[in-house]
Amino acid sequence: MTRSAPRIDLFDVRPEDERAYAFARDLRAIEALLFTSPLPVDAKAMKPHLSADADIGALMEALTADYARRGVNIVKAAGGWMLRTAPDLARVVAGPVPEARKLSRAAIEVLAIVAYHQPVTRAEIEEIRGVSTSKGTLDVLLETGWVRLRGRRKAPGRPVTYGTTPAFLVQFGLDAVQDLPGLDELKGAGLIDGRIPAGFAIPLPSDDPGLREDEEALEPDMLDFHLSPPPEDEEPGASAPEDDGDA
């Protein structure tokens with residue numbers, strides 16, 4: 001004999017219990033928002049759809065715990081929350097998909113530098129890498145949607161500054177760019193040699209969208225320009241060795 005699935009206590013409240021009823025209604029509203037959004041939904045986007053005194057932290061804690069045992073989980077990403085297939089079921093839903101374009105070593109290095117050192121200019125990227133960075137490498141990163149043009153540095157030549165995007169956080173499962181691994185984590189993973197120079201440190205990254213004191217806004221026509229500017233927009237200086245590969 002087939003038994004019907006039990007009701008979920010989380011949503012099973014009596015209408016006369018106003019607080020519990022409002023809590024359950026808010027849970028359902030958040031669930032609907034997450035289900036219909038392809039991007040992370042933050043507290044600001046949720047608030048207009050919830051009760052006036054809704055505790056979003058408590059709501060998300062309850063909903064996340066309930067979804068932890070399901071085929072899809074609620075995860076934090078890019079400052080919000082989104083639905084993702086439970087890790088152990090990834091193979092169940094994986095179908096034949098086109099092979100993703102792999103980034104070259106040069107593109108991965110540039111992406112890491114942008115993530116940790118943003119806002120950063122092309123000349124600063126080249127100084128850190130010790131080799132010149134081809135325009136094609138930056139163009140590939142811009143096309144992925146993981147890197148964006150932030151503004152212009154208040155310096156001779158007014159070079160463009162680069163930073164990461166919310167899509168970068170989603171792609172790499174980060175709630176904020178500050179969640180990138182620090183020096184101890186990188187050493188523990190074997191990605192950095194234990195014999196590092198004295199005073200060596202990993203910068204604390206920040207992707208605050210606001211312009212810094214040494215930045216100014218891009219020209220309006222640059223906001224729709226998705227490829228990197230030509231080299232002449234960069235800071236003047238001595239030429240560096242050629243990049244070791246395009247993306």
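Helix α7 (residues 135–144) lies across β4 and β5 (160–164), running at about 120 degrees to β4. Helices (H or I, at least four residues) and strands (E, at least two) are DSSP runs, numbered from the N terminus. Axes are lines fitted to C-alpha atoms, for helices over the stretch in contact (heavy atoms within 4.5 Å), and angles run from 0 to 180 degrees between N-to-C directions.

This is a predicted model, in which local features need pLDDT of at least 70 and side-chain atom pairs pLDDT 80 or more, while totals for chains, interfaces and linings use all residues. Residues are numbered from 1 along each chain as its sequence is written, and side-chain values use heavy atoms, with hydrogens and water left out.

The buried residues of α7 include Leu138, Val140 and Leu141; buried means under 20% relative accessible area, exposed over 50%, and partly exposed in between (1.4 Å probe, protein chains only). Among the elements covering the buried residues of α7 are α5 (105–117) and α6 (122–129). Just after α7, Gly145 takes a positive phi of about 85 degrees.

I turn now to the aromatic rings. How many aromatic pairs does a search of the whole structure find? The search finds two. Rings of Phe, Tyr and Trp (its six-membered ring) pair if their centres lie within 6.5 Å; planes under 30 degrees apart count as stacked, over 60 as edge-to-face and the rest as tilted. Trp146 and Phe172 form an edge-to-face pair, because their planes stand at 70 degrees, with ring centres 5.3 Å apart. Trp146 counts as buried at 15% relative accessibility, whereas Phe172, at 42%, counts as partly exposed. The rings of Phe168 and Phe172 are tilted, with planes at 50 degrees and centres 5.0 Å apart.
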